[in-house]
Amino acid sequence: MLKINNLHASIEDKSILKGINLEVKAGEVHAIMGPNGSGKSTLASVIAGKEEYEVTDGNILFEGEDIEELAAEERAHKGVFLSFQYPIEIPGVSVTNFMKTAINETRKAKGLEDMPAKDMLKMIREKSELLEIDRKFLSRSLNEGFSGGEKKRNEIFQMAMLEPKLAILDETDSGLDIDALRIVANGVNKLKSKDNAVVVITHYQRLLDYIVPDFVHVLYNGRIVKSGGKELAHELEEKGYDWIKEEVNA
Amino acid sequence: MDLKEKLVSSFLALENKVDIDSYVHDVRTDAIKIFEDQGFPSKKEEAWKYTSLNSILKEDYSVFPKQENALEFKDIKKYFIHDIDTYKIVFIDGKYASHLSQTTHDGIDVCLMSSALNKPKYQLVIKNYFNKAAEKDSLTSLNTAFSCEGAYIHIPKNKIVEKPIQILHFSTGNESATMLQPRNLVVVGENSHVQILERHQSLAENPVLTNSVTEIFANKRAIVDFYKIQNDNENATLIDHTFVKQSRESFASVHTFSFGGKLIRNNLNFYQEGERIDSTLKGITIIGNKQHVDHNTLVHHIEPNCESHQDYKGIFDDSSTGVFNGKVLVNKEAQKTNAFQANNNILISDKASINTKPQLEIFADDVKCSHGCTIGQLDESAMFYMQSRGIPEKEAKALLMFAFSNNVLSSVKIPELKQRITKIIANKLGVNIGFDL
């Protein structure tokens, strides 16, 4: 589904990603871990199409197609979804109106008619129940005054509504208490199928107890320096990142 | 002959022909003297520092345009709010168009300024109200001197006027350049309630200069909502002067939607002459190209325990320019005043600019007055967030702009008008927003 080859990316001439290779197949869950500043969020943003980043070498193939020239919305239309580490507050746009616009614009891009209002409401009801979101919440301005946990739950609610093929969860566990973490992880697991894939970016093992990865990658200094199964996450939790840094620097 | 000379000599011709009433005659004669002394404002004056009329005044305007009645409703329907029942006062090239209008004398007067100025039965109201709120600056005086047509709205006390009143001024371009000077008078009696919409629309590419004056009187506990739709073509200039005098416990609001025109100058003055008055001034400006919109507001708090709310949003693209000059004056006696003013702007292009200047003059010591102005760009991170959800750039921009303007839009009390304005904005931004805000 996703194939990243020798990806180099920089922002304002500062090189951040220095040769990433990664392949994610349908049905898989990948975890990307690593210390602060290793390039995890940059990788997520580059895949989603943030314009500030410049790809200087390598490529990103999504379902076999090079997506580098595509705008963020075109990638979204193809099924790429990024759950933001820091979701943006948009005063004046309600959660419901935002989702309606996002879904109908995606349908328009696929040559489909707008989703009938009845179906939309039904879908909103189902997906908000899945994430245990209060209905009143949906008429509030997007992310405005939401708690950290509400913002993250709302991200996964959007993911549930948009049904992406590839979901990248950037530090979705940060700022969540244990109950919210359980709800969010439960939501992700229910949305998981053999046809889609999830990339979980996280600092800690905690979320991976709930969303169990097939592969764990360690990102350090712009490169994936170690890959393994879920036991690698446990090892990192116990030993920290220093031993990885030592291995790389040796 | 320049425009000033032409106007002064035209005044003599006008005065010989039409005036019979001595009060109005005196008012007009005094007014033309003021204009003759002061002439058109120049950038040397503080109030006109950022708005130049020079290039506009160079046109050879016809001051008394020929009448053109060939317009049919179907041709201009789109400029009306036509999906609800309304009173309509329609003018074409400054002349009343009865076939497009729907006036009334049934308990209320929704009719013509020309009748009110000339017929004896209106003389008392004219004497009590005409030119009693208007300032004596040169452009207002110019309008006063030439005032002969416009809307006359008189609502006696205890009347809730169910139907909104639409005032529409069309210009057809049958002169190579046209100058119009409509004059409206709105008197709303005790406990009465009225909603009024006003629009100036040029139907051709020929230049039009409109110098319009509206006087509004809201008597005790009256509620007056006035909406201005300014979406004219890029050869039309509008200088609007609106003066609102309020008596105690009245509520008056003026919403100004400035989306088009070559140059728009809105002088909007509120005078609070009683206690517990509420004044609301709101506006949305969305312009591009070389368009220019200048909002010049004054709220004069004269008595204690009153409120005023000003909220102006501006979005400027291309080489467009904006001005916001908002003055709040609080007299020594006006204790417990609560005055709020906000002016927020987004510059879409590097070449667009806005000059914003809040002015607070407070002589009372127990008041709450706040003001804030911001100038910013569209939030890039919000754009990426929306795009990453599949909303294309243009739509994402539009959504942000709607969200930015929503505070002003949401206080429009006529749903059909709100819908229409939403649609005008969507058209302007080239998007089809699939929901109502």
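Helices and strands are DSSP runs, of at least four residues (H or I) and at least two (E) respectively, numbered from the N terminus. On that basis, A:Glu132 falls in the loop between helix 4 and strand 8 (141-142) of chain A. The model is predicted. A:Glu132 is not a glycine, yet its phi is positive, at about 50°. Most residues other than glycine have a negative phi.

B:Arg276 has a positive phi of about 50° and is not a glycine. Its loop runs between strand 13 (263-272) and strand 14 (278-287) of chain B. With 16 other C-beta atoms within 10 Å, B:Arg276 is partly exposed.

Chain A was next considered as a whole. Its secondary structure comes to 8 helices and 12 strands. The radius of gyration of chain A is 18 Å, and the globule rule gives 18 Å for 250 residues, so chain A is as compact as a globular protein of that length. The C-alpha trace of chain A spans about 60 × 40 × 35 Å along its principal axes. Of the 250 residues in chain A, 43% are buried. Contacts in chain A were also sorted by sequence separation. Among those between residues at least 6 apart in sequence, 72% join residues at least 24 apart.

One helix pair in chain A was examined in detail. Helix 4 (residues 117-130) and helix 5 (residues 148-162) of chain A pack with their axes 9 Å apart, at an angle of about 135°. That angle makes helix 4 of chain A oblique to helix 5 of chain A. The crossing of helix 4 past helix 5 in chain A is right-handed. Helix 4 of chain A contributes A:Met123, A:Lys127, A:Ser128 and A:Leu130 to the contact. Helix 5 of chain A contributes A:Phe157, A:Ala160 and A:Met161. By class, the residues of this contact comprise 5 nonpolar, 1 polar and 1 charged.

The two chains also meet. The contact draws 24 residues from chain A and 19 residues from chain B. On the side of chain B that touches chain A, two or more residues each come from helix 8 (380-387) and helix 9 (393-409) of chain B. Helix 9 of chain B gives the largest share of that side, 7 residues. The residues on the chain B side divide into 10 nonpolar, 6 polar and 3 charged.

A further loop position in chain B was described. B:Ser101 lies in the loop between strand 2 (95-96) and strand 3 (109-112) of chain B. The count around B:Ser101 is 19 other C-beta atoms within 10 Å. Burial requires 20 or more. B:Ser101 is thus partly exposed. Leaving out residues up to four places away in sequence, B:Ser101 touches B:Lys88, B:Ile89 and B:Val90. B:Asp278 is 177 residues from B:Ser101 along the chain, and their C-alpha atoms are separated by 32 Å.

Key:
Residues are numbered from 1 along each chain as its sequence is written. Chains are lettered from A and ligands numbered from 1 in the order in which they are written. This is a predicted model: local features need pLDDT of at least 70, side-chain atom pairs count only at pLDDT 80 or more; totals for chains, interfaces and linings use all residues. Axes are lines fitted to C-alpha atoms, for helices over the stretch in contact, and angles run from 0 to 180 degrees between N-to-C directions. Angles under 35 degrees count as roughly parallel, over 145 as roughly antiparallel, 65 to 115 as roughly perpendicular and the rest as oblique. A crossing is left-handed if the near helix is turned anticlockwise from the far one by less than a right angle, and right-handed if clockwise. Two residues are in contact if their C-beta atoms, placed from the backbone, lie within 7 Å. Ala, Val, Leu, Ile, Met, Phe, Trp, Tyr, Cys and Pro count as nonpolar, Asp, Glu, Lys and Arg as charged, and the others, Gly among them, as polar. A residue is buried if 20 or more other C-beta atoms lie within 10 Å of its own, exposed if 12 or fewer, and partly exposed in between; C-beta atoms are placed from the backbone. The radius of gyration is taken over C-alpha atoms; the globule rule is 2.2 Å times the number of residues to the power 0.38.
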